[in-house]
Amino acid sequence: MAWATRFLSAVCFFAAGVLFAPDVLVGARSGSGATAVTAAKVSHLLCFATCWGAALWATFIGGIIMFKNLPRHQFGNLQGKMFPAYFTLISACAAVSVAAFAYLHPWKAASAVERYQLGFLISALGFNLSNLLVFTPMTIEMMKKRHKIERELSIGDEVGWSKNVKTAKSNPTLAAMNKKFGMIHGLSSLANIMSFGSLAMHSWYLASKLEL
C-alpha cells in the first residue's frame, strides 16, 4: 500500500494548493476555461459519488452482513485488510472533491452556502484521514492483541460476541482488552459516522442543484 499512501499524499497536497492558492496552482479561470470547469465538475461528481457510495456500503451494509455471517476472527482479519484500503480510497476521493469544489467556487468569491459545503467536504476528508492514519492502525493492533488472548482461551471461531462476553466475565485480562478495543473502535466508528454525515449534507446540496 506504499504507492497508495504516496498517491493520497500527492492528492491531499494538490487539494490544499487549490484551496489556498487556486490561481497559482491551476491558473485563473477565463472564458476559454470551459473544458477545465467541466472536468472539475465531472471529477467532483464521480469522486463524491464513489466516496458516498463506499461509505454507505461499508458502514451500513457490508460490515453488518459480514459480522453476522463470518467467524469473528475471520471477520476481524478481513476488516483489518479491507479498512486501510477503504479509508485510502474515500480519502483520495474526498481530497479530489475538495480540490474540484474549491476550484469551481474560490473561497473569496464563494457564497456563504458554498463555503459551508466546502467545509463539509474538508471535514469529511479530515475524519477519513484521522481514521486512515490514527484510529484504524490502533484498532488493528488492538484487535490482534485481543485475538491472541482469545485463541489462548479457545474462543473466536464462533459467529457473534456471545463467547467473548461470557468469558470476559471471569477473565480480567480479556475484559480489560475488550474495554481498550471498544474505546479505540468507538472513536474510529465516530469519525466514520461524522464523515458520512458531512457527505450527507453535501449530497443534499447537490440534490438541490439538480433539475430532473
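Visitor: What percentage of the 212 residues of the protein chain count as buried?

Guide: Buried means under 20% relative accessible area, exposed means over 50%, and partly exposed lies in between, with a 1.4 Å probe and protein chains only. Here 42% of the 212 residues count as buried. This is a predicted model: local features need pLDDT of at least 70, side-chain atom pairs count only at pLDDT 80 or more, and totals for chains, interfaces and linings use all residues. Residues are numbered from 1 along each chain as its sequence is written, and side-chain values use heavy atoms, leaving out hydrogens and water.

Visitor: How many helices and strands are in the protein chain?

Guide: Helices (H or I, at least four residues) and strands (E, at least two) are DSSP runs, numbered from the N terminus. The protein chain has seven helices and zero strands.

Visitor: Is His147 buried or exposed?

Guide: His147 counts as buried, because its relative accessibility is 4%. It lies in helix α5, residues 112-152.

Visitor: Which residues is His147 in contact with, leaving aside neighbours within four places in sequence?

Guide: Contact means heavy atoms within 4.5 Å. His147 is in contact with His73, Gly76 and Asn77, its neighbours within four places in sequence left aside.

Visitor: How far apart are the end C-alpha atoms of helix α7?

Guide: The expected span of a helix is 1.5 Å times one less than its number of residues. Helix α7 has 38 residues, 172-209, so it should span 56 Å. Its end C-alpha atoms are 56 Å apart, which agrees.

Visitor: Which residue caps the N-terminal end of α7?

Guide: Asn171 does. One of its side-chain oxygens lies 3.1 Å from the backbone nitrogen of Thr173.

Definitions and conventions:
Polar contact = N/O pair within 3.5 Å; in protein donor to acceptor, adjacent residues only side chain to side chain.
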